[in-house]
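Hi,

Here is the structure I promised to send over. Have a look, and my notes follow below.

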Amino acid sequence: DAGRLFMGDSNDLQIYHDGSNSYIKDTGTGNLRIDATNFFVRNSDGSKLAIDAVDGAEVNLRYNGSKKFETTNTGVSVTGKILAGTGTTAAATINAYTTTVSTGLYSALRVIENTGASSYWDIGATGGASTLLNFYHNGTTTPKIFFTNLGGATFTGNVGIGTTSPAANLQVEGSGTGASG
């Protein structure tokens, strides 16, 4: 464990094991470059890939041997959810769907408020009215607000301006000015 392999005029490149960890250490000028037709990083017994880079093609990142992130000729492909936030709690989960997410509704992208939450919104959804954006709350399959491809918007339930608990279809509280036209 005390042996080190030194390379370069000033021992710039070192390969060694310290009894607990193994190291490749480059302390010289320039970059550490690894040139390979195909490049693989595997677990210690070689049974699972962690990273595989194919010459002139994709780079894949894997979790426990299962591909989760892949570069493609048009961008990237992600398998599973994308969690956004800080620490161990996600502030939002982003899911891309290619199948029905509820009866008669196909969604291109769904953003969930946080892990396990029942409030979410869909982008690029198509329902009976060719909706483009839907907002859901409390796990319902009917949007609370949806915007159509014709520029219209529909609200499920009462709408309030200046109040958080409207008692009518449209309830406006407070003063203001308006224009007629």
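This is a predicted model: local features need pLDDT of at least 70, side-chain atom pairs count only at pLDDT 80 or more; totals for chains, interfaces and linings use all residues.

Ala36 sits in the loop between E3 and strand E4 (38-42); helices (H or I, at least four residues) and strands (E, at least two) are DSSP runs, numbered from the N terminus. With 44% relative accessibility, Ala36 comes out as partly exposed (buried is under 20% relative accessible area, exposed over 50%, partly exposed in between; 1.4 Å probe, protein chains only).

Residues are numbered from 1 along each chain as its sequence is written, and side-chain values use heavy atoms, leaving out hydrogens and water.

Now the sheet. Five strands make an open sheet in the order E4-E5-E6-E7-E8, with antiparallel pairing (two strands pair if DSSP finds at least two bridges between them). E4 and strand E8 (75-78) are the edge strands, each pairing on one side only. E7 (residues 66-72) and E8 run antiparallel and are joined by four bridges; Thr72 has Gly75 in E8 as its bridge partner.

Back in strand E3 (residues 22-26) you'll find Ile24, which is exposed at a relative accessible area of 59%.

Cheers
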